Amino acid sequence: VRRKVMGLIIGFILGEVLKFDGTFMGFVWLVGFTAFGFVLPDILAYNTGTKRKLELDKALPDAIDILNLCVESGLTFQAAMGQVAAILKGPISQEFSRVLRQMQLGQPMIQSLQDMAARNGNPEMERFVTVIVQSEKLGIPIAAVLAEQSREMRIKRRDRARELAQKVPV
């Protein structure tokens with residue numbers, strides 16, 4: 001709300017300074033700058049969210065690979081999440097760090113992972129969390145689940161890249 005009000009004020013001031021000369025067109029420019037200043041924070045927030053989702057999509061297979069390696073080498077799943085948070089950078093690291101903090105504050109691992117999936121709204125992330133939760137509830141070895149998830153994510157990423165490549169004009 002604060003950003004929208006600031007954008008509105010700055011848009012109004014810019015419209016006043018740059019184009020308002022008392023004519024009807026000057027008034028139209030003033031209203032246009034003011035409206036643009038009001039909408040600009042929403043546009044910037046949308047672009048930031050879109051970039052973050054793309055970065056999460058790109059980094060999730062790598063995070064699952066690191067989780068798999070760490071779990072296969074003998075670390076617990078929580079320690080493996082700590083390694084992902086330490087090794088990788090960007091939104092995926094932030095998300096795993098947040099899950100770990102929630103767990104340190106007493107929230108169950110399953111709930112923390114489900115919160116991560118709900119926060120991001122990413123289908124691959126939701127699928128990953130669902131599989132981890134199911135394996136935790138059913139007692140399935142998590143290393144095998146992580147290996148399969150990693151393989152599936154890489155196939156999907158490759159298919160997405162092929163699809164984008166086919167859309168590129170000759």
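Reader: Which side chain does D42 meet in a salt bridge?

Author: K4, at 2.6 Å, N to O. A salt bridge here is a side-chain nitrogen of Lys or Arg within 4 Å of a carboxyl oxygen of Asp or Glu. This is a predicted model, where local features need pLDDT of at least 70, side-chain atom pairs count only at pLDDT 80 or more, and totals for chains, interfaces and linings use all residues. Residues are numbered from 1 along each chain as its sequence is written, and side-chain values use heavy atoms, with hydrogens and water left out.

Reader: Where do D42 and K4 sit?

Author: D42 is in helix α2 (residues 24–72) and K4 in helix α1 (residues 2–18). They are 38 residues apart, so the pair links distant parts of the chain. Helices are DSSP runs (H or I, at least four residues), numbered from the N terminus.

Reader: K4, buried or exposed?

Author: Buried, at 18% relative accessible area. D42 is partly exposed at 43%. Buried means under 20%, exposed over 50%, partly exposed in between, with a 1.4 Å probe and protein chains only.

Reader: How many salt bridges does the count come to?

Author: Nine. One of them joins E95 and R52, with the closest N and O atoms 3.0 Å apart. That pair also links distant parts of the chain: E95 in helix α4 (residues 91–104), R52 in helix α2, 43 residues apart. E95 is buried at 4%, and R52 is partly exposed at 27%.

Reader: Which side chain does R151 pair with?

Author: E148, at 2.6 Å, N to O. Both lie in helix α7 (residues 142–167), three residues apart, about one turn of the helix. R151 is partly exposed at 44%, as is E148 at 33%.

Reader: Which residues do shared partners join into one network?

Author: D62, D65, R154 and R157.

Reader: Switching to the core. How many residues has the largest nonpolar one?

Author: It has 34, and F77 and F128 have the most contacts inside it. A nonpolar core is a set of buried Ala, Val, Leu, Ile, Met, Phe, Trp, Tyr and Cys residues joined through side-chain atoms within 4.5 Å.

Reader: Which helices supply at least two residues each?

Author: α2, α3 (77–87), α4, α5 (109–120), α6 (123–138) and α7. The largest share, nine residues, comes from α2.

Reader: And what does F77 touch?

Author: L67, V71, M109, L113, F128, I132, I142 and L146, not counting residues up to four places away in sequence. Contact means heavy atoms within 4.5 Å.
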